[in-house]
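Here is a short briefing on the structure shown below, grouped by topic so that you can follow along in your viewer. Keep the model open as you read.

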Amino acid sequence: MKVQIKSSAEADNVVLQGEVDFQTAADLRQELQKLTARRSPKILIDLKKVSYIDSSGLAAFVGVLQSTKSYGGKIAFFNLNEGVRDIFRISKLDSVFPLATNEKEALSLLV
Amino acid sequence: MRRKKITIQSDTRQLKTLRKKLRSFLAKSDFPKKQKWRFVMAVGEACTNSIQHSYGKTRCGPVRIEAIESKDKIVFKIRDYGKKFKLKKIKSPKLPRRKPHGLGIYFIKTFMDELKYNNAHARGNELTLIKYKRGAK
């Protein structure tokens, strides 16, 4: 799994690529914690190139959500494929996280 | 009937190899694409539990997976030889989760028609995951 962070004036855009499982979720958590440690106000996560995610990956996202809430930050996801969206829906995390079809929409959800 | 046996060691780095082999087996299955995605995840969660909880940080050993597809169903058996766990004690989580854990067994139960735990083994755990084909049950 690869994690690329593109920071701009509008938001920190996290581009994930590959499979997120128990093994790789630790790296993801570490990268996301770097953003929350510096109190990033807006985090956008691009899941277009994520081909697999399990409960460990979701746990990393729930963890970062808790961190962002503690300082008033916001987080949204976009570009979810069918399988990843299914996992969010089954776990009811689609009611917790803003999910968008593209980056522009995701950014608008964080206003 | 089609059958595939896969063995991985209790190392989470091997989960990727497991998924690759499972997808290869499922490629010839007539289950819908979405369901195949769910099977890979359910088996992955079961194996992660074996590695993380049954073997833990202090033990190591194999996790044996057997996939069997027949006319009316698909069955996945996951066997480890670590510490026994009590499946019945695992409660259904309140959703959505506010804590970052506790969804693995929930996904398995949601994605499969049956989840059986074989309590007969003196050592380790054996889970059987079953999904029936449409109209078969």
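**Starting from one residue**

Setting aside neighbours within four places in sequence, B:P62 is in contact with B:T7, B:Q9 and B:Y81. Please bear in mind that this is a predicted model.

**B:P62 and its setting**

- B:P62 belongs to strand β2 of chain B, which covers residues 62-69.
- B:G44 is 18 residues away from B:P62 in sequence, and the two C-alpha atoms are 14 Å apart in space.

**The sheet of chain B**

- Chain B has an open sheet of five strands in the order β1-β2-β3-β5-β4, and the pairing is antiparallel.
- At the edges stand β1 (2-9) and β4 of chain B; each has a single partner strand, so one side of each has no neighbour in the sheet.
- On average, neighbouring strands of this sheet are turned by 15° against each other, direction ignored.
- β2(B) and β3(B) (residues 73-80) run antiparallel and are joined by seven bridges.
- For a specific pair to look up, take B:I68, whose bridge partner in β3(B) is B:V75.
- Lying across β1, β2, β3 and β5 of chain B is α2(B), which runs at about 15° to β3(B).

**Helix packing in chain B**

- α1(B) (residues 15-26) packs with α2(B) at an angle of about 145°, and their axes are 10 Å apart.
- The crossing of these two helices, α1(B) and α2(B), is right-handed.
- On the α1(B) side, the contact is made by B:L15, B:L18, B:R19, B:L22, B:R23 and B:L26. α2(B) contributes B:K36, B:F39, B:V40, B:V43, B:G44, B:C47 and B:T48.
- By class, the residues of this contact are eight nonpolar, two polar and three charged.

**Helix α3 of chain B**

- Which residues of α3(B) (residues 104-111) are buried? They are B:G104, B:I105, B:F107, B:I108 and B:F111.
- As background, an α-helix has 3.6 residues a turn, so residues three or four places apart point the same way.
- The buried residues of α3(B) pack against elements of both chains: α2 (55-71) and α3 (82-90) of chain A, and α2 (33-55), β4 (114-117) and β5 (125-132) of chain B.

**The sheet of chain A**

- Chain A also has an open sheet of five strands, here with the order β1-β2-β3-β4-β5 and mixed pairing.
- Its edge strands, β1 (2-7) and β5 (99-100) of chain A, each pair on one side only.
- Five bridges connect β3(A) (residues 42-53) with β4(A) (residues 74-78), and these two strands run parallel.
- Within β4(A), A:A76 is the bridge partner of A:L44.
- α2(A) packs on the sheet and touches β2 (12-20), β3 and β4 of chain A; its direction makes about 150° with that of β4(A).

**Where the chains meet**

- In total, 21 residues of chain A are in contact with 21 residues of chain B.
- On the chain A side, α1 (22-37), α2 and α3 of chain A each give two or more residues.
- The largest share of that side, six residues, comes from α2(A).
- By class, the chain A side has eight nonpolar, seven polar and six charged residues.

Terms used: Residues are numbered from 1 along each chain as its sequence is written. Chains are lettered from A and ligands numbered from 1 in the order in which they are written. This is a predicted model: local features need pLDDT of at least 70, side-chain atom pairs count only at pLDDT 80 or more; totals for chains, interfaces and linings use all residues. A residue is buried if 20 or more other C-beta atoms lie within 10 Å of its own, exposed if 12 or fewer, and partly exposed in between; C-beta atoms are placed from the backbone. Helices (H or I, at least four residues) and strands (E, at least two) are DSSP runs, numbered from the N terminus. Two residues are in contact if their C-beta atoms, placed from the backbone, lie within 7 Å. Ala, Val, Leu, Ile, Met, Phe, Trp, Tyr, Cys and Pro count as nonpolar, Asp, Glu, Lys and Arg as charged, and the others, Gly among them, as polar. Axes are lines fitted to C-alpha atoms, for helices over the stretch in contact, and angles run from 0 to 180 degrees between N-to-C directions. A crossing is left-handed if the near helix is turned anticlockwise from the far one by less than a right angle, and right-handed if clockwise. Two strands pair if DSSP finds at least two bridges between them.
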